[in-house]
Amino acid sequence: MTPYELAVVLAAFACVAALYSSVGHAGASGYLAMMALLGVAPATMRPTALALNLVVATLATYRFWRAGWIRWKVLASFAVTSVPFAYLGGRIQLPVPGYRALVGVVLLGAAAVLWWRARGGELALAERDNTVPLPVALGSGAAIGLLSGLTGTGGGIFLSPLLLLAGWAGPRGTAGLSAPFIWLNSLAGLVGVHWATGSLHPHLPWFVAAVLLGGWLGTMLGLTRLPRSTLLRAMSVVLVIAGGKLILAS
């Protein structure tokens with residue numbers, strides 16, 4: 001990777017971290033998309049995305065904890081099954097074609113969620129504090145955790161639409177639950193990946209610096225001064241391109 005290419009990637013990672021952290025996410029699907037476009041090996045994509053997730057999710061969790069938006073009992077009901085399954089998913093080594101296809105589908109799903117957010121879909125949903133049925137939380141937590149570990153994401157891109165569309169939380173409540181949920185799954189998945197052999201990207205320290213900057217800006221400013229809908233649409237297009245590339249290459 002040339003210095004120019006590295007600079008472009010770092011800028012992209014910082015933008016992804018800023019955008020995602022403003023809604024309580026950590027950006028794994030965005031990092032995976034960038035690495036897919038660069039042709040990074042799957043064995044490196046997964047642990048690298050999880051490591052960057054941990055960095056940004058820490059900042060996002062702190063922000064929403066200070067604002068009082070984390071419902072700890074609801075978080076626990078999802079995390080009690082998602083964490084062990086994220087670890088299990090991290091230990092599973094899919095064949096390269098299968099991994100590419102799975103991540104490609106996940107990126108396309110993430111693109112749809114971001115496009116929905118850009119159109120203001122979540123703004124029509126009021127803040128709420130509804131009870132989440134425990135069996136549903138346990139079952140969906142396990143499924144999300146396994147998929148998170150397999151793909152190298154934190155699960156927020158799956159949890160958020162579930163909470164919003166089921167009426168269990170509003171936009172800010174969803175962000176408050178997603179951030180620590182992502183942190184827990186990312187840690188469990190990263191431990192599992194390294195147990196099963198995975199290699200971090202050689203430029204990881206630079207990537208960490210970039211997402212720290214982006215995450216700090218996103219969590220502190222919330223992107224209130226930026227045309228967030230335009231950025232979300234642009235990110236959706238990137239995810240579609242990267243997802244399509246992975247599916248075609250599988």
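Trainee: Which residues does S186 touch, not counting residues up to four places away in sequence?

Mentor: S186 touches L50, N53, L54 and G154. A contact here means heavy atoms within 4.5 Å. This is a predicted model, where local features need pLDDT of at least 70, side-chain atom pairs count only at pLDDT 80 or more, and totals for chains, interfaces and linings use all residues. Residues are numbered from 1 along each chain as its sequence is written, and side-chain values use heavy atoms, with hydrogens and water left out.

Trainee: Why is S186 called buried?

Mentor: Buried means under 20% relative accessible area, exposed is over 50%, and partly exposed is in between (1.4 Å probe, protein chains only). S186 has 0%, so it counts as buried.

Trainee: What does the side chain of S186 reach?

Mentor: The backbone oxygen of I182, at 2.8 Å. For a polar contact, a pair of N or O atoms must lie within 3.5 Å; within protein, one must be able to donate a hydrogen and the other to accept it, and residues adjacent in sequence count only if both atoms are side-chain atoms.

Trainee: And G152, is that buried or exposed?

Mentor: Buried, because its relative accessibility is 0%. G152 sits in the loop between α6 (134–151) and α7 (156–166). Leaving out residues up to four places away in sequence, G152 touches A28, L32, R46, A49 and L50.

Trainee: What is the average pLDDT of the chain?

Mentor: It's 86, and 91% of the residues score at least 70. pLDDT is the predictor's confidence in each residue, from 0 to 100.

Conventions:
Helix = DSSP H or I, 4+ residues; strand = E, 2+ residues; numbered from the N terminus.
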